[in-house]
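Subject: Handing over the structure

Hi there,

Here is the structure I promised to pass on to you. Please open it alongside this email, and take your time looking around.

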Amino acid sequence: MKINSITNNKNCINPAFGTTNRAVQNKAGNLIYRNTTTFFRSDLDWDKLCYYIRDKYKNADKVNLFCQACSDGSEPMSIAILLKEKFGCGARKFFPIIAKDVDSLMIKRAKSEFVEMDHFDIRVINKFTDNKIKYYFGLPRNVIGFRLVPATINPWFHKKIKYSVADIKEDYKNIKPDNTILFCRNFWPYLLDDAARIDLINNIKSKFNKNCAIVIGSFDNQDISMHNMLLDAGFKEAEYLTNVYEIG
Ligand SMILES: C[S@@+](CC[C@H](N)C(=O)[O-])C[C@H]1O[C@@H](n2cnc3c(N)ncnc32)[C@H](O)[C@@H]1O
């Protein structure tokens with residue numbers, strides 16, 4: 001297996017990939033997957049998602065948040081920030097977020113004290129926190145001139161997010177049946193083929209019972225039509241919210 005170094009995709013026209021952009025290839029040089037991720041990835045309407053979660057689970061005492069294919073943790077950290085900013089103490093019922101990835105290097109990074117950010121990450125975190133990034137991350141005094149900013153992660157995150165290595169093809173068995181949201185975004189094209197994708201969707205569906213939803217990403221709908229596969233499996237798209245599908 002050949003693993004490319006961790007780089008930021010500075011040549012990207014849309015500066016959407018701030019945190020990690022790493023490709024993992026097999027010995028033949030074929031791509032197995034990418035760890036590409038960013039804070040508040042722009043393929044989701046995060047504000048609307050928040051109100052959706054509030055309304056959907058207003059009567060639930062505990063909500064199970066799973067974040068599969070979480071890469072370096074930018075995604076579960078974005079979710080944690082959002083919940084804290086919008087709900088304050090009311091966010092308690094959503095924690096801990098259970099975050100997993102098949103890639104042990106990514107989980108090691110997620111569990112570490114540091115995350116690398118570019119200026120797009122900093123701007124978007126400030127946008128969602130009303131300029132309180134320093135509550136969540138320690139930044140060097142002067143970030144001007146840094147291509148990548150080494151930020152320290154507030155230990156608060158490690159109480160709110162529990163990370164482990166897992167392959168969702170097996171780990172779906174640990175999904176809780178009621179009041180569950182499963183983030184599994186921007187990884188579906190890396191499964192072998194449509195049969196494997198349909199198999200996993202049906203396995204996830206078999207675990208869901210009441211008031212559950214699955215959140216995917218735009219990459220999942222670009223090359224392969226996850227939208228149609230989810231509808232065929234009996235999920236329905238959430239009203240006014242793309243990339244969110246509900247069942248139960
Ligand atoms: C493109 S990244 C997406 C990260 C994040 N979800 C986002 O949308 O920004 C895809 C991630 O899926 C992970 N992955 C690939 N196959 C997986 C599997 N079978 N189970 C769990 N994670 C997997 C990779 O290690 C990689 O970190």
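Below is what I found in it, one region at a time.

A word on the basis before we start. This is a predicted model, in which local features need pLDDT of at least 70 and side-chain atom pairs count only at pLDDT 80 or more, while totals for chains, interfaces and linings use all residues. Residues are numbered from 1 along each chain as its sequence is written, and side-chain values use heavy atoms, with hydrogens and water left out.

**The seven-stranded sheet**

Let me begin with an open sheet of seven strands, whose order is β9-β5-β4-β10-β11-β13-β12 and whose pairing is mixed. (Helices, H or I with at least four residues, and strands, E with at least two, are DSSP runs numbered from the N terminus; two strands pair if DSSP finds at least two bridges between them.) At the edges are β9 (161–165) and β12 (236–237), each of which pairs on one side only.

Within this sheet, β10 (residues 180–184) and β11 (residues 212–215) run parallel and are joined by three bridges. Leu182 stands opposite Ile214 of β11, and Ile181 stands opposite Ala213 of that strand. Both faces of β11 are covered: Cys212 and Ile214 on one side, and Ala213 and Val215 on the other, are all buried. (Buried means under 20% relative accessible area, exposed over 50%, and partly exposed in between, with a 1.4 Å probe and protein chains only.)

Two helices to look for here are α1 and α2. Helix α1 (residues 46–56) lies across β10, β11 and β13 (244–247), and runs at about 15° to β13. Helix α2 (residues 74–87) packs on the sheet and touches β4 (64–68), β5 (97–101), β9 and β10; its direction makes about 150° with that of β4. (Contact means heavy atoms within 4.5 Å; axes are lines fitted to C-alpha atoms, for helices over the stretch in contact, and angles run from 0 to 180 degrees between N-to-C directions.)

(Angles under 35 degrees count as roughly parallel, over 145 as roughly antiparallel, 65 to 115 as roughly perpendicular and the rest as oblique.) Where they meet, Ile81, Leu82 and Glu85 come from α2, and Ile125, Phe128 and Thr129 from α4.

Helix α4 in turn lies across β6, β7 and β8, running at about 105° to β6. These strands make an open sheet of three in the order β6-β8-β7, with antiparallel pairing. Its edge strands are β6 and β7, each pairing on one side only. Two bridges pair β7 with β8 (residues 149–153) in the antiparallel sense, and Thr152 in β8 is the bridge partner of Gly138.

**Aromatic pairs**

How many aromatic pairs does a search of the whole structure find? There are 13. (Rings of Phe, Tyr and Trp, the last by its six-membered ring, pair if their centres lie within 6.5 Å; planes under 30 degrees apart count as stacked, over 60 as edge-to-face and the rest as tilted.)

In one of them, the rings of Phe39 and Phe137 have centres 5.5 Å apart and planes at 80°, so the pair is edge-to-face. It links distant parts of the chain, 98 residues apart: Phe39 is in the loop between β3 (31–34) and α1, and Phe137 is in strand β7 (residues 137–138). Phe39 is buried, at a relative accessible area of 0%, and Phe137 counts as buried at 1%. Ring pairs also link Phe39, Phe95, Tyr135, Tyr136, Phe137, Trp156 and Phe157 into a cluster.

Phe208 and Phe235 form another edge-to-face pair, 6.3 Å centre to centre with 70° between the planes. Phe208 lies in the loop between α8 (194–207) and β11, and Phe235 in the loop between α10 (226–232) and β12, so the pair ties together parts that are 27 residues apart in sequence. Relative accessibility is 8% for Phe208, which counts as buried, and 3% for Phe235, which also counts as buried.

Lastly, have a look at Ser112, in the loop between α3 (104–111) and β6 (114–117). Is Ser112 buried or partly exposed? At 24% relative accessibility, Ser112 counts as partly exposed. Leaving aside residues up to four places away in sequence, Ser112 touches Ile153 and His158.

Happy exploring!
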